[in-house]
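Work through the exercises below with the structure at hand. Try each task before reading its solution.

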Amino acid sequence: MTHFDSESRKYYHAPLMSGPAAVHRLEDPFAFAHAAGVHCGQAALAAMPRLQDRLAGDAVTVAYVVRGKLDQRQRPLLELEITGNPSLRCGRCLAPLDFALQLQSRVLLMHPGTALPEDDADPESPEWLEAGQELDLLELVEDEILLSLPLSVRHDEGNCSDGGGTGRTSGRDNPFSKLATLLGPK
Ligand SMILES: [Zn+2]
């Protein structure tokens with residue numbers, strides 16, 4: 001399954017921070033799905049409050065592509081691709097750690113207040129998303145990133161400034177160790 005075709009790559013590399021790429025919402029997501037719409041955007045991680053605990057720096061944007069579709073059962077769904085290189089905080093030494101974010105996800109659209117279909121016991125089935133007349137894509141992108149991040153990320157043994165079996169005890173020589181202290185929990 002490859003969604004990273006040349007068409008979407010073109011958008012990832014476009015320096016778009018104004019215009020359509022800065023509009024992080026879909027008007028009528030159901031119509032968007034039926035019309036097989038495509039929306040590309042670049043979102044600043046700084047605008048995602050629930051991610052801040054995990055980040056070691058927020059001066060990063062992620063690129064996303066939303067594609068509207070109907071699934072085999074003609075249900076409206078959105079396919080989401082998100083790519084970026086956020087700096088996460090190492091779970092061991094708290095120093096920044098480059099993380100290659102590349103996720104793909106699908107959500108089925110449902111109207112608010114609608115009951116979930118009872119036959120929806122398929123574990124492969126995408127999550128359902130309640131969507132009104134307007135869908136906040138920033139929130140959706142943030143949700144998907146949160147769900148996709150590993151619970152804990154760590155430097156490789158040997159690259160971690162917290163020792164990690166290398167014999168170093170404090171990482172005193174590591175330029176990141178001071179930063180980790182500054183950024184660490186108060
Ligand atoms: Zn580390």
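**Exercise 1.** Decide whether Ala33 counts as buried or exposed.

Solution. This is a predicted model, so work from its coordinates. Start with the location: Ala33 lies in helix H2, residues 29-34. Next, count the C-beta neighbours of Ala33 inside 10 Å: there are 24. The cut-off for a buried residue is 20 or more. Ala33 is therefore buried.

**Exercise 2.** Find which residues Ala33 is in contact with, leaving aside its neighbours within four places in sequence.

Solution. Take the contacts in sequence order. Gly68, Lys69 and Leu70 are among them. Pro76, Leu77 and Leu78 are also in contact with Ala33. Leu109 is another contact. Now take Glu79: Ala33 and Glu79 are 46 residues apart in sequence, yet their C-alpha atoms are 9.5 Å apart in space.

**Exercise 3.** Work out how strand E7 pairs with E4 and with E8.

Solution. Take E4 to begin with. Strand E4 (residues 76-84) pairs with E7 (residues 101-110) in the antiparallel sense, over 8 bridges. In this pairing, Glu81 stands opposite Gln104 in E7. Then turn to E8, residues 127-130. E7 and E8 run in the parallel sense and share 4 bridges. Here Leu108 stands opposite Trp128 in E8.

**Exercise 4.** Describe the chain as a whole: how many helices and strands does it have?

Solution. Count the elements: 4 helices and 9 strands. Read them in order along the sequence: α-β-α-β-β-β-β-β-β-β-β-α-α. Then check burial: 24% of the 186 residues are buried. Finally, look at contacts between residues at least 6 apart in sequence: 60% of these join residues at least 24 apart.

Terms used
Residues numbered from 1 in each chain as written. Predicted model: local features only at pLDDT ≥ 70, side-chain atom pairs only at ≥ 80, totals over all residues. Helix = DSSP H or I, 4+ residues; strand = E, 2+ residues; numbered from the N terminus. Buried ≥ 20, exposed ≤ 12 C-beta atoms within 10 Å, placed from the backbone. Contact = placed C-beta atoms within 7 Å. Pairing = 2+ DSSP bridges.
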